[in-house]
Amino acid sequence: MPPRRRGASGFRGVRVRPSGRFYAEIRAGGFRLTLGTYNTPELAARAYDAAAWRFRRPRRDMNFPDVESLEEAEFLAPPPCLVDDEDRRRHRQVQRRIAIAEHDEQLMRQWRAQFPNDVDNTDAFFAILRAQRRSNRRHRRAVATFELENPNTTWTENDPRWDDIWTETTSDDD
């Protein structure tokens, strides 16, 4: 019998999911045993090899034939992903948050289409706010530079206003 073809992942028993993660499974006695989903193809292949050792498969059927024993294969394999009630609760919570965010985005698209002037006013407001902050930083830097050059300064040595000398103003001036 010819050797089985290896999939796109390059490893036996490992398939690539549409999400880019890697799914490991092994067939035994007419059944398909799911080993889990992993971030890298190597981790999925290690999980496959640990299962292959448990099923007493020959080394030629393994992804890493240099592994000498079941214990070594299990040591190198990632821990199994156990799904419990807490995982399910977190997943439901994340799905609810995603649904809320998608609904919010849809409402924002409708609002922008219905009230384009509000969007323009919002952009103008934030442009004015950025200009005021930039001006404030420039003023604070000028005052701190003046105090540095003034031999009779009233600022103490540990005054936090000295930090304004190093305030960056040029990157926002565009």
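Biologist: Why is F125 called partly exposed?
Modeller: Set its value against the limits: buried is under 20% relative accessible area, exposed is over 50%, and partly exposed is in between, using a 1.4 Å probe and protein chains only. F125 comes out at 47%, so partly exposed is the label. F126 has 40%, so that residue is partly exposed too.

Biologist: Before we go on, what sort of model is this?
Modeller: It's a predicted one, where local features need pLDDT of at least 70, side-chain atom pairs count only at pLDDT 80 or more, and totals for chains, interfaces and linings use all residues. Residues are numbered from 1 along each chain as its sequence is written, and side-chain values use heavy atoms, leaving out hydrogens and water.

Biologist: How many aromatic pairs does a search of the whole structure find?
Modeller: Three. One of them is F125 with F126, whose ring centres are 5.1 Å apart with 75° between the planes.

Biologist: What makes F125 and F126 edge-to-face?
Modeller: Rings of Phe, Tyr and Trp (its six-membered ring) pair if their centres lie within 6.5 Å; planes under 30 degrees apart are stacked, over 60 edge-to-face, and the rest tilted. The 5.1 Å is within the distance limit and the 75° is over the angle limit, so both parts of the name hold. W155 and W162 get the edge-to-face label as well, because their centres are 5.0 Å apart and their planes sit at 75°. Both of those tryptophans are buried.

Biologist: Now for charges. How do you know that R15 and E25 form a salt bridge?
Modeller: The term asks for a side-chain nitrogen of Lys or Arg within 4 Å of a carboxyl oxygen of Asp or Glu. Here the closest N and O atoms are 3.1 Å apart, so R15 and E25 qualify. The pair links distant parts of the chain, 10 residues apart: R15 is in strand 1 (residues 14-16) and E25 in strand 2 (residues 22-28).

Biologist: Why is E25 called buried?
Modeller: Its relative accessibility is 9%, so it falls on the buried side of the limit. R15, at 42%, counts as partly exposed. The E25 side chain also has a polar contact with the side chain of Y23, at 3.4 Å.

Biologist: What makes that a polar contact?
Modeller: A pair of N or O atoms within 3.5 Å does; within protein, one must be able to donate a hydrogen and the other to accept it, and residues adjacent in sequence count only if both atoms are side-chain atoms. At 3.4 Å, E25 and Y23 are within the limit.

Biologist: Which helix holds both E86 and R89?
Modeller: Helix 3 (residues 85-114), where they are three residues apart, about one turn of the helix. Helices (H or I, at least four residues) and strands (E, at least two) are DSSP runs, numbered from the N terminus. E86 and R89 make a salt bridge at 2.5 Å between the closest N and O atoms. With 32%, E86 is partly exposed, and so is R89 with 36%.

Biologist: How many salt bridges does the structure hold?
Modeller: Nine. R161 with D159 is among them, at 2.7 Å from N to O. D159 counts as buried at 13%. Elsewhere, salt bridges that share partners join R15, E25 and R32 into one network.

Biologist: What makes R46 sit over the ring of F64?
Modeller: The rule wants NZ of Lys or CZ of Arg within 6 Å of the ring centre and within 35 degrees of the ring normal. The charged end of R46 is 3.8 Å from the centre of F64. R17 does likewise over the face of Y23, at 4.1 Å from the ring centre.

Biologist: And the nonpolar core: which residues have the most contacts inside the largest one?
Modeller: V14, I26, L35 and A44, in a core of 20 residues. Strand 2, strand 3 (31-38) and helix 1 (41-54) each supply at least two of its residues, and helix 1 gives the most, with eight. A nonpolar core is a set of buried Ala, Val, Leu, Ile, Met, Phe, Trp, Tyr and Cys residues joined through side-chain atoms within 4.5 Å.
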